[in-house]
Amino acid sequence: MPDSENDVQGGLTWKILKQVFPVAPSLRREHWDLLAGTGIAEAQRNDDELFYQALLHKFRRDGEFLVDLDRRFLGSKKKKDREKAFTYRARRWLRQQIPGLSEYDDILEAPADLFGEATAERDLRDIVADMRRVEREAKARQAPLAEERWKSAGAELRSLLDELDRPTPDAVERIEAAAEALLEAGGEVRKQAAELERSRVDIRVLLEALPDLSRAAEVLERLEALEAAQLAALAEIAHEARTPVDALAEAEIGLAAKEREFERQRADGAPWSAIARQAEALAELEAERNRQLASVETLLARMAAASAAVEAGEPPARPGPETGKRRKARAARRAEEKQDAPPAAGSAMEEDAGEPAGTAGPPLPASWNEFADWCETQLGGRLALSSRAFGSIKKARYEDVELAAQCLAWLGGDYRRARLEGRGNSLQGPVPAGSGVRNDRSGGDSFEFDWQGKRLRADWHIKNGGNTRDPARCLRIYYCWHEDGDGGQVVVGDMPAHVRSRVT
């Protein structure tokens with residue numbers, strides 16, 4: 001029987017599934033040959049409660065059904081039809097509910113604790129994960145099944161040819177049917193062989209771009225011996241690796257160019273302040289290169305582990321999401337590396353405030369009552385608060401006032417200088433103010449606001465991680481870059497709470 005709403009208290013209910021995956025009556029009618037498998041009568045398919053309860057019951061217990069349903073939409077040539085697929089809508093809904101998921105290209109790579117316990121978000125993630133498992137297992141079965149059909153069809157044709165003495169109409173018809181079955185099976189085998197070779201080539205191209213990494217060489221040595229299931233597992237990881245590999249290459253090119261520029265300025269006897277700025281920019285680029293390198297090495301380790309498991313006769317397994325403990329350990333290592341690294345000469349706050357290198361930064365506000373005055377005194381001319389932001393600060397409930405101030409100091413310092421140098425868009429990612437704090441485009445949370453008679457749009461925001469909208473713990477600083485006669489400054493549209501927008 002379908003689940004009732006009481007059966008899934010605190011988890012995914014039929015009402016939430018309806019929000020996540022709305023299926024119009026016309027679509028129910030169009031795909032009823034498949035949807036009839038939910039177990040409800042055709043006369044009841046337009047009853048939303050019965051339909052979505054039955055759909056949820058089926059989703060929880062039959063991953064193959066959901067994969068087949070998704071293929072109906074994903075196979076369309078029209079983008080609007082493909083966007084009706086369950087996986088597309090589930091990922092979009094989850095990212096709306098959990099802002100921290102924007103940090104992950106694949107939601108299944110996000111830490112499990114980000115989805116909460118016994119929540120609709122966790123249930124939905126588990127359903128998507130089960131779909132992924134079913135798809136991988138189906139791919140692993142396809143090659144041997146096609147090979148078996150090919151062998152069977154060949155044996156059937158040979159048997160007919162051996163048994164028949166003369167070409168009667170019936171005999172010719174049977175031979176034609178057997179030959180057609182053989183050709184069809186052969187075409188499937190040829191298609192799968194081509195797909196496997198493409199996967200092998202794609203993996204090889206990716207790994208050969210990383211000649212200095214031992215893990216890449218380790219996987220390359222095993223690549224030719226891997227079969228369908230193993231290649232499918234490696235191809236999936238390789239797909240995830242493309243983004244950090246490209247980012248690593250870009251970071252290394254930028255770092256090499258900046259190193260040449262730095263050495264040229266030193267040789268030309270450039271002013272100390274210019275050399276200091278170049279040194280700081282060089283350190284930032286090196287840190288970004290190291291972050292991307294760590295991501296690539298993590299993915300290569302997964303590929304090496306999968307290929308090693310194959311050699312040992314074990315099924316390839318997809319590692320589970322990073323746990324909170326592992327994430328904290330990684331953050332601790334980064335903090336230690338940052339402490340051990342030599343300090344960059346001349347920070348943005350020191351240069352803009354006219355303080356010598358090595359002096360302590362300005363004191364941070366201890367409460368929201370002091371916050372606006374602190375912004376005007378310490379960041380005036382470099383960062384401004386809109387009237388909307390002033391109003392929000394007066395009634396702020398966010399508890400970590402100092403962290404919010406550190407984020408604004410970064411915006412008025414490092415970020416502003418990067419914008420003036422024409423590289424502001426490169427500062428998307430972690431903010432050196434606190435663990436889990438990021439700078440990203442606002443996307444669907446962007447909004448317009450008034451400032452000094454102008455209409456501006458807050459299209460960037462600083463945010464902290466975690467699956468929470470609790471105003472005491474959720475930090476959001478919405479802002480934009482505004483050029484003026486003095487070069488430009490950051491204008492904060494709202495803070496420190498999450499705003500309501502067209503997607504929230």
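Mentor: Exposed means over 50% relative accessible area, buried under 20%, and partly exposed in between, with a 1.4 Å probe and protein chains only. Keep in mind that this is a predicted model, where local features need pLDDT of at least 70, side-chain atom pairs count only at pLDDT 80 or more, and totals for chains, interfaces and linings use all residues. Residues are numbered from 1 along each chain as its sequence is written, and side-chain values use heavy atoms, with hydrogens and water left out.

Trainee: Which residues of H15 are buried?

Mentor: Phe 371, Ala 372, Trp 374, Cys 375 and Leu 379, in a helix that runs over residues 371-379. Helices here are DSSP runs (H or I, at least four residues), strands likewise (E, at least two), numbered from the N terminus.

Trainee: Why do they line one face of the helix?

Mentor: Down the axis of H15, the buried residues fall within an arc of 160°, so they line one face. That arc is taken from the directions from the helix axis to the C-beta atoms.

Trainee: And what follows H15?

Mentor: Gly 381, with a positive phi near 90°.

Trainee: Switching to the sheet, what's the strand order?

Mentor: E1-E8-E7-E6-E3-E2, an open sheet of 6 strands with mixed pairing. Pairing needs at least two DSSP bridges between two strands.

Trainee: Which strands stand at the edges?

Mentor: E1 (383-385) and E2 (429-430); each has a single partner strand, so one side of each lacks a neighbour in the sheet. E2 pairs with E3 (residues 437-441) in the antiparallel sense over 2 bridges, and Pro 430 is opposite Arg 438 in E3.
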